[in-house]
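Subject: Structure handover

Hello,

Please find the structure below. My notes on what turned up in it follow.

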Amino acid sequence: MKIKNFFGHLHTVNKHRFIVFKLSIRAGIPIRGLLHDLSKYSPIEFFEGVKYYNGKRSPISCCKEEIGYSKAWLHHKGRNKHHFEYWLDPLAPNKTPVIPYKYAAEMVCDTLAASLVYNGKK
C-alpha cells in the first residue's frame, strides 16, 4: 500500500464529506450531512479505495473495471440510505423505489459533491 494513496484517498473522502455537509445544510438536512458516508472509513471500503486511488476517478469505478465488481460498493450501497440501490427490491412488482425526502435530498447533495470533487471547476 502506497502512503501517498492512503493520504490521497483519505483527503478525497474528507473533502467529499465536507462538501456534502455544506450542501446538506442548505437542503435543510444537516444531520444527514454529518453522518454522510461514515462507512467509507470501514476497512472493507477504505482499503479498496486506497488500492484503486488515482485522484481523478472514483476508486470504485477503477476496481469494477479491473475485476468486474467492487466489494466496497456492495458494502456501501447496502448500508447507506442515500443510494437508490438501497431501496430497490428486485422482487417488487413496481421497480420504482420510494425514498424518504431526507435521503433523496442527501442523494442530490452526494451527486453534486462527487462532481465537484472529481471534476473541479469543469
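Two terms are needed for what comes next: contact means heavy atoms within 4.5 Å, and buried means under 20% relative accessible area. Please keep in mind that this is a predicted model.

Helix α3

Aromatic rings

There are 5 aromatic pairs in the structure. One of them joins F6 and F7: the ring centres are 5.1 Å apart and the planes stand at 80°, so this pair is edge-to-face. Both residues are partly exposed, F6 with a relative accessible area of 23% and F7 with 49%.

F6 also pairs with F46, again edge-to-face, at 5.2 Å centre to centre and 75° between the planes. F6 belongs to helix α1 (residues 3–27) and F46 to helix α3 (residues 43–51), so this pair ties together parts that lie 40 residues apart in sequence. F46 is buried, its relative accessible area being 5%. Ring pairs link F6, F7, F46 and F47 into a cluster.

Salt bridges

The structure holds 3 salt bridges. In one, the side chains of R32 and E106 meet at 2.8 Å, N to O. This pair links distant parts of the chain, with R32 in helix α2 and E106 in helix α6 (residues 101–119), 74 residues apart. R32 and E106 are both buried.

Another salt bridge joins K40 and D37, at 3.4 Å from N to O. Here D37 is buried, with a relative accessible area of 1%, whereas K40 is partly exposed at 23%.

E65 and R57 also meet through their side chains in a salt bridge (2.8 Å, N to O). E65 is exposed, with a relative accessible area of 58%, while R57 is partly exposed at 33%.

Surface patch

On the surface, I31, L34, L35, L38 and Y41 make up a nonpolar patch, and together they have about 460 Å² of accessible area. Y41 sits in the loop between α2 (30–35) and α3, and is partly exposed, with a relative accessible area of 31%.

Regards

Notes
Residues are numbered from 1 along each chain as its sequence is written. This is a predicted model: local features need pLDDT of at least 70, side-chain atom pairs count only at pLDDT 80 or more; totals for chains, interfaces and linings use all residues. Side-chain values use heavy atoms; hydrogens and water are left out. Rings of Phe, Tyr and Trp (its six-membered ring) pair if their centres lie within 6.5 Å; planes under 30 degrees apart count as stacked, over 60 as edge-to-face and the rest as tilted. Buried means under 20% relative accessible area, exposed over 50%, partly exposed in between (1.4 Å probe, protein chains only). Helices (H or I, at least four residues) and strands (E, at least two) are DSSP runs, numbered from the N terminus. Patches are made of residues with over 30% relative accessible area and no salt bridge: like charges are joined within 9 Å, nonpolar side chains (Val, Leu, Ile, Met, Phe, Trp, Tyr) within 5 Å. Accessible areas come from the Shrake-Rupley method with a 1.4 Å probe; for residues, only the protein chains shown count as cover. A salt bridge is a side-chain nitrogen of Lys or Arg within 4 Å of a carboxyl oxygen of Asp or Glu.
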